[in-house]
Amino acid sequence: MALRGNLRDFTITQLLNLINLARKTGTLVVDGPSDTAHLAFRDGKLAYAQIGKTVTGLAVILHNANKLSSGQYKAIQQRASNISDKELGLLLINAGYLTKEDILTQLQLYFAGIVHRLFTWVEGSFHFENEMLPPDDRISVRLDLENLIIEGSRQLREWEQLQDEIPSLDMALKFTDRPGVNLRNVNLSVEEWRVVSYINPKNTIKQIANATKMNDLEIRRIVYGLLQAGLVEICRPEGASPAPQVRVFPTEDRDEQKSLVNRLISRIRSL
Amino acid sequence: MQTVKMVVTGPFSAGKTEFIRSVSEIDVVSTERKISTAAEKAVKEATTVAMDFGRITVDDDLVLYLFGTPGQKRFDFMWEILSEGMLGFIVMVDSTRPETFREARSILETFRAYAPTPYVVAANKQDKKDAWDPEDMRHVLRLDSKVKFLPCIATEKSSVKSILLELLYSILAEMERGEK
C-alpha cells in the first residue's frame with residue numbers, strides 16, 4: 001500500500017528521513033497550498049524534482065544558473081526545442097560548452113532548491129508511488145538526502161520561530177516613527193531593499209512577497225530582520241475590509257456605550 | 001440583561017486562570033486538565049484546555065464576563081472564537097519566564113489581527129524574586145511606548161483590579177478619540 005498522509009502529521013523532513021532509511025524507490029507527490037511537487041527517488045537518493053505542472057527543461061535550468069548565455073539559450077530554443085534533456089545534455093557536452101559534471105551539478109542544485117522550497121510547506125497532503133520514476137528522457141541525479149535532511153531540520157526550526165514572530169502574512173508593514181533613523185545609513189541587502197520599496201500600510205506582507213517573488217520563509221526572514229532592527233512595525237492593512245464586526249456593546253448608542261463603560265469602571269473600583 | 005466580555009490571554013502558565021479567579025464573583029468555570037508533557041509538568045500540574053470563565057455583576061442590568069484562553073499553542077483554535085465581540089483584551093506575561101516572551105509577543109499580534117480593540121499587557125508574577133524588570137520586558141516584547149504595560153500580581157485582587165481599570169480607561173479613551 002502506498003504511503004500517504006498529511007503534512008501536519010508528517011513533515012517533509014520526516015518523509016525524507018523515512019525514504020532515506022528505507023532506501024525507497026518511487027515518487028513522492030506533495031499537494032501543497034498552491035502547487036504540486038513531484039520528488040523521485042532511487043534507492044533512497046533524490047533522482048529528480050519538479051514543482052508545478054510545467055517541466056523546467058535543462059536549457060532553462062542552465063540559463064538561469066548562468067551556464068548558458070542568452071544567445072546560446074535563444075539558439076537552443078529556436079533550433080533544438082524538440083529534443084529531450086538527455087539529448088541536449090549530450091549535445092552540449094560534445095560541443096564542448098559544458099562538462100557532464102557541470103550539468104549534473106546544476107541539476108542537483110536545482111532539485112535541492114525545490115526540496116528547500118518544500119520545507120516551508122506545512123499544509124497539504126502527500127503520497128508515495130512505489131517504483132514510479134521520471135520518464136527516461138529526463139536526466140536524473142543521485143543526491144544523498146542526509147545534507148538535505150539536516151538543512152531541512154534547521155529550516156523547520158527557523159520556520160517555526162519565524163511563524164511565532166510573524167503569525168500572519170495578511171498584516172501590513174509601516175515604517176516606525178523614529179526620527180533619528182535614516183534608512184540610507186542602514187546596510188541593507190538587495191533583497192531587503194526590494195522589500196523596503198514595497199512597505200506601505202496598503203500592502204500586506206503576502207502582497208509584498210508576491211511582488212518580490214519570495215516564498216513564505218524568505219519574506220518572513222527579511223521582515224523579521226527589519227522588525228528586529230526597529231525599522232518597521234506590523235499594522236493592519238489600510239483599506240482592507242475590517243474583520244467581520246461582531247457586536248461588542250449591547251447597544252448602538254454612543255452615549256449608552258460610554259455610560260456602560262463608566263458603570264464597569266465604578267463596579268471594578270468597588271470590588 | 002446586558003452582557004459584555006473581556007478576554008485574558010497569554011502563554012502557558014502566565015497566570016490567566018489566577019487573574020480571573022481573583023476578581024470573579026463565581027468560582028471560575030475552568031476546563032483544566034492534567035498536563036501530559038514532562039516539560040510542561042515541571043511548570044505546573046494542570047492547564048486550561050478550552051477556556052476559563054469568570055463573572056462580575058455590575059448592576060441589575062449589566063454583567064461583565066471574563067474569558068481566559070488556553071495558553072498551549074495546540075489549543076489556539078479556541079482563540080478566535082473567544083475573541084469574538086470582546087470589549088478589549090489583556091495579555092498576561094510571566095515575568096519570571098523569559099523563554100515565553102516571544103510567544104507572548106506572537107499571541108499579542110494574533111489577537112490584534114482578530115480585532116482592533118484596546119488591550120493592555122500585564123507583567124505578571126512581579127512579586128517573585130527572579131521577575132524581570134518591566135522596562136526590560138517592554139524592550140524584549142517590542143512594545144510601543146503608547147502600549148500600557150503594567151506590573152501585575154494575579155493572585156492579588158487589588159493588582160487585578162488596576163489592570164482591568166487601565167483597560168477600561170483605554171476603552172473609554174478610544175471611544176472619545178472616535179468621537180473627535
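Axes are lines fitted to C-alpha atoms, for helices over the stretch in contact, and angles run from 0 to 180 degrees between N-to-C directions. This is a predicted model, in which local features need pLDDT of at least 70 and side-chain atom pairs count only at pLDDT 80 or more, while totals for chains, interfaces and linings use all residues. Residues are numbered from 1 along each chain as its sequence is written.

In chain A, helix H1 (residues 12-21) packs against helix H6 (residues 146-165) at an angle of about 160 degrees, and their axes lie 9 Å apart. Helices are DSSP runs (H or I, at least four residues), numbered from the N terminus. H1(A) and H6(A) are therefore roughly antiparallel, the term for angles over 145 degrees. Residues in contact (heavy atoms within 4.5 Å) include Leu16(A) of H1(A) and Ile149(A) of H6(A).

## Helix H6 and helix H9

H6(A) also packs with helix H9 (residues 216-228) of chain A, at an angle of about 55 degrees and with 10 Å between the axes.

## Chains A and B

Between the chains, 29 residues of chain A are in contact with 39 residues of chain B. There are 3 salt bridges between chain A and chain B, each a side-chain nitrogen of Lys or Arg within 4 Å of a carboxyl oxygen of Asp or Glu. One of them joins Arg263(A) to Asp59(B) (2.9 Å, N to O).

How values were computed:
Chains lettered and ligands numbered in written order. Heavy atoms only, no water. Helix = DSSP H or I, 4+ residues; strand = E, 2+ residues; numbered from the N terminus. Parallel < 35°, antiparallel > 145°, perpendicular 65-115°, else oblique.
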